[in-house]
Amino acid sequence: MILHEALKKYFGYETFRPLQEQIIADALVGRDVFALLPTGGGKSLCFQLPALLHKGLTIVVSPLIALMKDQVDALGTSGIPATFLNSTLDGDEARLRWRRLHRGEYKLLYVAPERLMLDGFLERALNWDIAQFAIDEAHCISEWGHDFRPEYRELAKLRRDLPEVPIMALTATATERVRDDIVKHLGLRDPRCYVASFNRPNLTYRVETKSSAFAQLLTFIRARPNESGIIYCASRKTADTLATKLTSEGIRAKAYHAGLDSKERAKNQEAFLRDAARVITATIAFGMGINKPNVRFVVHYDLPKNIEGYYQETGRAGRDGLPSECLLLFSAGDVAKQIRFIEEKPEREQRIARTQLRDMIGYAEMRECRRAALLKYFGENWPDGSCDGCDNCVEPRETFDGTVPAQKFLSCVHRVRQKSGFNFGINHIVEVLIGAETDAIRQRGHDQVSTYGIGCDMNRKTWQAIGRELTRLGLIAVAPGKFATIELTPAGREVLKCRTSITLTKPADTFDKNKRKLAGEIECDEVLFGRLRGLRRKLADERDVPAYIIFSDASLREMARAQPKRLAEFANIPGVGQQKLKSFGEIFLSEIADHVRLSEASLP
């Protein structure tokens, strides 16, 4: 019961999210814990609540300076004593915080891994009563992960230097191999391992064929006025160009990438967190640990390198549980760009990168449920049936009888192999099909095979898409390695021999989000919601914090739905803890009452 009382008192919630209560209970009895919870699944609470109930200090290892300040500001607003130590502090402020740490005045300390492992830091920390280490973004430890950081490897020394202090490792994205690496490298002792569902029911996924990319993006953003979003780009140049063009179109946009100096990056990130910028155009350098719950959309303007990164980036939408959208613009040109990037890697890295890219292309072009595909990638099964939250389930893509083109393609793979005695890549097969006059075709005599030119009625891009779909259907196998040659599988040979009917898919196009009720939707008085957002912004500006630190969009929508009249009713709104009730209750009740009064006065 004490856990639920503390949850309501400090954080304003009546119930825990999945696995939170079990993780917290284990932490309170001093067990090592590994927790994999999806972005928005409430990882922070898993160490923040035990820190309040523990005697002593919880040290939180966090990779990003901006995240530390954000978390500490949010905790302070809820009446929780927390601090951080990093390079943004001047000497006087840092010394003051050290003194308060020595006096035991804080429950949580946020620190970067490189600072924690500096010579002398842990020696000074021995004077504190350390209750627990919480390693956030723990996937950074693993060389098999998508965001490996060498400084995280040094955290292995924590077990050696402070063997009795329990460790909690948390991440939102990790395959089974990465999970094992985290547990092993940190030296977790008989840890309880918790892996939540990777499903984010409030997110919708869709893919559109990229044609006029900027016009598509502009239309998408303008259809969502006042909503915040992240646009992920493959290059710094694209991020800069998009921010400039969007701003010229009246949309407040800022760029974020490693090419900007640290001050400008921090300034642009702060503008986005405080809603001064509505859109951030970014490379993958942006996002890890960003605690902005009201990101309503994530657009991948360019093709991501792998599904793991794509999943984590889309997960930055809808952290508050409200409906949010994930759009991927896909073109064959993006595939060619990614292949060029891969060819610049060391030879040993290329094989993995090519396999990951094929998986990503397969996701973009598939006609099956996208949610099921994402979950399957992480080892989780989606029950049969529509997810009602991706383009392929809500508006199944148009299919056509692809028996003839499939037969042509498979036959061409077979004839070219028969002629030369070895396999070729998908692009060479396409060149033979369309009757291209290249040196490679002439030198190998492939202009003499019976399938030369039999596909000249369709263009190169269409044949490439057909080849990729036949691969996904298991009729063609792609050999690993730099040249990724293709060959018929036993199933492909059977289809070719028996002339089995094959159904193929037309390219992805558009998706209407308004055809159904969205998961996580809170229907409310939209005018009142707008007024409460304005009030929240004013209070946040007065306190110099991001708006969501006052209340989340989900809390405001509940207020606009329930329209409480008294403090006791206001206290029942999710996200209203004891401190926030005291600080903001009367102010928000007054705004709600004024809106109700004006609405009633306008009735006939």
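Modeller: Let's take helix H2, whose buried residues pack against H1, strand S1 (33-36), H3, strand S5 (130-135), strand S6 (167-171) and strand S7 (192-195). Please keep in mind that this is a predicted model. H2 itself spans residues 20-28, and its buried residues are Gln20, Ile23, Ile24, Asp26 and Ala27. Around the axis they cover an arc of only 160 degrees, so they sit on the same side of H2. Behind this lies a general rule: an α-helix has 3.6 residues a turn, so residues three or four places apart point the same way. Just after H2 comes Gly30, which takes a positive phi of about 85 degrees.

Helix H1 (residues 2-11) packs with helix H3 (residues 43-53) at an angle of about 105 degrees, and their axes are 11 Å apart. Since an angle of 65 to 115 degrees counts as roughly perpendicular, H1 is roughly perpendicular to H3. On the H1 side, the residues in this contact are Leu3, Ala6, Leu7, Tyr10 and Phe11, while H3 brings Leu45, Gln48, Leu49, Leu52 and Leu53. Sorted by class, the contact has 9 nonpolar residues, 1 polar residue and no charged ones.

How much of H3 is buried? H3 is mostly covered, with 10 of its 11 residues buried. The buried residues are Lys43, Ser44, Leu45, Cys46, Phe47, Gln48, Leu49, Pro50, Ala51 and Leu52.

In soluble globular proteins, nonpolar side chains tend to be buried together. The largest nonpolar core in this model has 73 residues, and the members that touch the most others are Leu116, Trp128, Phe133 and Ile135. H3 gives the most to this core, with 6 residues. There is also a second, separate core of 33 residues, which includes Ile230, Tyr232, Leu374 and Cys393.

Setting aside neighbours within four places in sequence, Ile135 is in contact with Val61, Ile141, Tyr152, Leu155, Leu158, Ile167, Met168, Ala169, Leu170 and Leu186. One of those contacts, Ile167, lies in strand S6, which brings us back to a partner of H2. Is Ile167 buried or exposed? Its relative accessible area is 1%, so Ile167 is buried. Again leaving out neighbours within four places in sequence, Ile167 is in contact with Arg31, Asp32, Val33, Phe133, Ile135, Arg159, Leu186 and Leu188. The C-alpha atoms of Ile167 and Ala131 are separated by 9.3 Å, and these two residues are 36 residues apart along the chain.

For another setting, look at Leu260, which is found in the loop between strand S10 (253-256) and helix H13 (262-273). Not counting residues up to four places away in sequence, Leu260 touches Asp240, Ala255, Arg265 and Asn268. Its C-alpha atom is separated by 35 Å from that of Leu375, 115 residues apart along the chain.

Further along there is another covered helix, H20 (residues 426-433): 6 of its 8 residues are buried, so H20 is largely enclosed by the rest of the structure. Those buried residues are His428, Ile429, Val430, Glu431, Val432 and Leu433. Their cover includes helix H19 (403-420), strand S15 (424-425), helix H21 (439-444), helix H22 (460-472) and strand S17 (485-488). Just after H20, Gly435 takes a positive phi of about 75 degrees.

Finally, a word on phi. Most residues other than glycine have a negative phi. Arg499 has a positive value, near 55 degrees, and lies in the loop between helix H23 (490-498) and strand S18 (503-505). With a relative accessible area of 61%, Arg499 is exposed. Asp544 also has a positive phi, near 60 degrees, and is found in the loop between helix H24 (526-543) and helix H25 (553-562). Asp544 counts as partly exposed, at 48% relative accessibility.

Definitions and conventions
Residues are numbered from 1 along each chain as its sequence is written. This is a predicted model: local features need pLDDT of at least 70, side-chain atom pairs count only at pLDDT 80 or more; totals for chains, interfaces and linings use all residues. Side-chain values use heavy atoms; hydrogens and water are left out. Axes are lines fitted to C-alpha atoms, for helices over the stretch in contact, and angles run from 0 to 180 degrees between N-to-C directions. Helices (H or I, at least four residues) and strands (E, at least two) are DSSP runs, numbered from the N terminus. Angles under 35 degrees count as roughly parallel, over 145 as roughly antiparallel, 65 to 115 as roughly perpendicular and the rest as oblique. Contact means heavy atoms within 4.5 Å. Ala, Val, Leu, Ile, Met, Phe, Trp, Tyr, Cys and Pro count as nonpolar, Asp, Glu, Lys and Arg as charged, and the others, Gly among them, as polar. Buried means under 20% relative accessible area, exposed over 50%, partly exposed in between (1.4 Å probe, protein chains only). The arc is that of the directions from the helix axis to the C-beta atoms. A nonpolar core is a set of buried Ala, Val, Leu, Ile, Met, Phe, Trp, Tyr and Cys residues joined through side-chain atoms within 4.5 Å.
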